[in-house]
Amino acid sequence: MKNYLKTGLSILFILGAANFIRGQGDSTPIVITHQVNTIGGTKPVPIALEGFTGEVAEALRFDLYVQGFSFVSAADAQFVVSGSNSGNVAGKVTDSAKRPILPPKSYAGASPRTQAHAFANDIVQAITGKPGISVLRGTSARIAFKAQPNGVGAGEIYASDFDGHNASVVTTDHAIVAAPSWVPGRLALCYNSYAIQDNPYIFYHDLKTGDRKVIARHGGSSISPSVSPDGSRVAMVLSVGGRPNIYVSDIDGKNTRQLTADPEDSSPCWSPDGRWICFATKVDERRVLAKVSVDGGPIQKISTSGAPNPSEPDWSPDGKWIAFTSQSGNYFNICVIPADGSASPIVVSAGEDPSWAPNSRTLVFARRSGYVYTLSVLDVFTKQSKDIARISGSDSEPSWAK
């Protein structure tokens with residue numbers, strides 16, 4: 001079987017004649033080419049950015065860079081993004097022949113940064129034909145994460161825009177907290193906390209009202225919640241029987257069922273169709289990735305040959321990829337494999353604990369230096385990444401809202 005990830009195969013699709021975009025008064029068709037993306041092997045799209053200043057220029061550069069664009073002069077650009085932010089953000093996109101790709105558009109309301117996110121989203125849509133990461137159900141995309149002042153001990157759960165701005169504290173537990181997981185379609189999180197006693201419990205937290213409740217409170221540890229794509233169920237790790245295994249329950253904690261009985265399970269995540277749970281476990285004393293049906297049954301190993309000690313998997317929303325952490329000694333890498341196991345893992349960055357954006361090409365992850373973590377956003381196809389705005393001394397365990 002050919003390894004299409006490693007060959008860096010690129011295919012160009014030419015739009016049909018009925019789909020040509022023509023410049024005003026110009027009979028020459030604008031042919032927009034779409035390159036099939038390859039993990040770590042795609043060249044960024046060269047664009048020029050003209051007329052924007054301050055935080056608007058900063059936001060546009062951040063958004064576009066982590067979605068596969070690079071910044072060059074207008075003479076070298078495939079596309080030119082021009083406009084201003086003297087009042088509201090306004091701009092347009094033309095190709096190298098100055099023909100319109102995105103007609104002039106103005107953005108009103110909200111903050112200049114939010115307007116810039118909306119413009120970036122329209123730029124990505126116009127050039128690639130796919131939605132950008134900056135808009136999710138009509139609002140700016142959000143991430144949740146753990147913040148610790150010193151990198152160890154107690155911390156709190158925070159939520160922010162995906163670039164780290166507009167951050168707000170979710171918990172005030174003054175305790176060890178971990179593993180935030182968004183409830184899809186709701187402004188709510190599940191996470192585990194030591195707020196009540198010595199063992200961690202799993203909480204459901206409504207961010208609109210501030211109300212929260214315990215949904216997993218069993219003997220031993222209750223950790224690592226992962227909410228199903230439809231928001232109705234939660235997978236988790238419970239040590240009810242004395243060792244950590246994968247369980248699933250309704251989102252309110254009822255109807256808890258055990259799915260695995262392996263020596264050491266961790267980090268469950270859901271397939272986008274809600275039929276499978278991927279997790280890390282041990283087989284013959286070696287850590288591997290596996291999946292199990294939500295209806296139960298035997299586990300199925302997922303090959304990560306060449307990427308030792310896999311953990312912290314996350315399944316892309318389009319179902320094509322699984323990102324995970326690989327550990328070799330004291331070194332941690334973010335790797336990506338096809339969910340069907342058709343190719344070997346590819347390292348896309350140093351780091352830990354990846355979480356996919358809704359666009360299935362961008363990841364947020366944690367990058368460690370000693371005990372201190374910094375969150376970064378990564379385009380897996382070009383390997384371009386940028387650190388987000390820091391909230392505390394150490395920010396880790398990110399989760400991107402779906």
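In which strand is the place of Ser394? Select residues 394-400: Ser394 is in this strand, β35. (Helices, H or I and at least four residues, and strands, E and at least two, are DSSP runs numbered from the N terminus.)

Before going further, a note on the model. It is predicted, so local features need pLDDT of at least 70 and side-chain atom pairs count only at pLDDT 80 or more, while totals for chains, interfaces and linings use all residues. Residues are numbered from 1 along each chain as its sequence is written, and side-chain values use heavy atoms, with hydrogens and water left out.

**Stop 1: around Ser394**

Stay on Ser394. It is buried, because its relative accessible area is 0%. Ser394 and Gly151 are 243 residues apart in sequence, yet their C-alpha atoms are 4.9 Å apart in space. Show the contacts of Ser394 as well (heavy atoms within 4.5 Å). Leaving out residues up to four places away in sequence, Ser394 touches Lys146, Ala147, Gln148, Pro149, Gly151, Tyr371, Val372 and Tyr373.

**Stop 2: the whole protein**

Zoom out. The protein has three helices and 35 strands. Of its 402 residues, 50% are buried. Among contacts with a separation of 6 or more, 43% join residues 24 or more positions apart.

**Stop 3: helix α2**

Select residues 54-65, which form helix α2. Its 12 residues should span 16 Å at 1.5 Å a residue, and the end C-alpha atoms are 17 Å apart, which agrees. (The expected span is 1.5 Å times one less than the number of residues.) Colour the buried residues of α2: Val56, Ala57, Ala59, Leu60, Phe62, Asp63 and Leu64. They pack against β5, β6, β8, α3, β33 and β34.

**Stop 4: helix α3**

Select residues 112-128, helix α3. Here 17 residues should span 24 Å, and the end C-alpha atoms are 24 Å apart, which agrees. The buried residues of α3 include Arg113, His117, Asp122 and Ile127. Step on to Gly129, which follows α3 and has a positive phi, near 80°.

**Stop 5: where α2 meets α3**

Show both helices. How do α2 and α3 pack? Their angle is about 35° and their axes are 9 Å apart. (Axes are lines fitted to C-alpha atoms, for helices over the stretch in contact; angles run from 0 to 180 degrees between N-to-C directions.) The crossing is right-handed, a term that means the near helix is turned clockwise from the far one by less than a right angle. On the α2 side, the residues in contact include Glu55, Leu60 and Leu64. On the α3 side, they include Pro112, Phe119 and Val124.

**Stop 6**

Most residues other than glycine have a negative phi. Select Ser267 in strand β23. Its phi is positive, near 55°. Ser267 is buried, because its relative accessible area is 18%. Next, go to Ser360, in the loop between β31 and β32. Its phi is also positive, about 60°. Ser360 is buried too, because its relative accessible area is 4%.

**Stop 7: cysteines**

Select Cys190, then Cys335. Cys190 counts as buried because its relative accessibility is 0%. Cys335 counts as buried because its relative accessibility is 1%. How many disulfides are found in the whole structure? The search finds zero, where a disulfide is a pair of cysteine sulfur atoms within 2.5 Å.

Technical notes
Buried means under 20% relative accessible area, exposed over 50%, partly exposed in between (1.4 Å probe, protein chains only).
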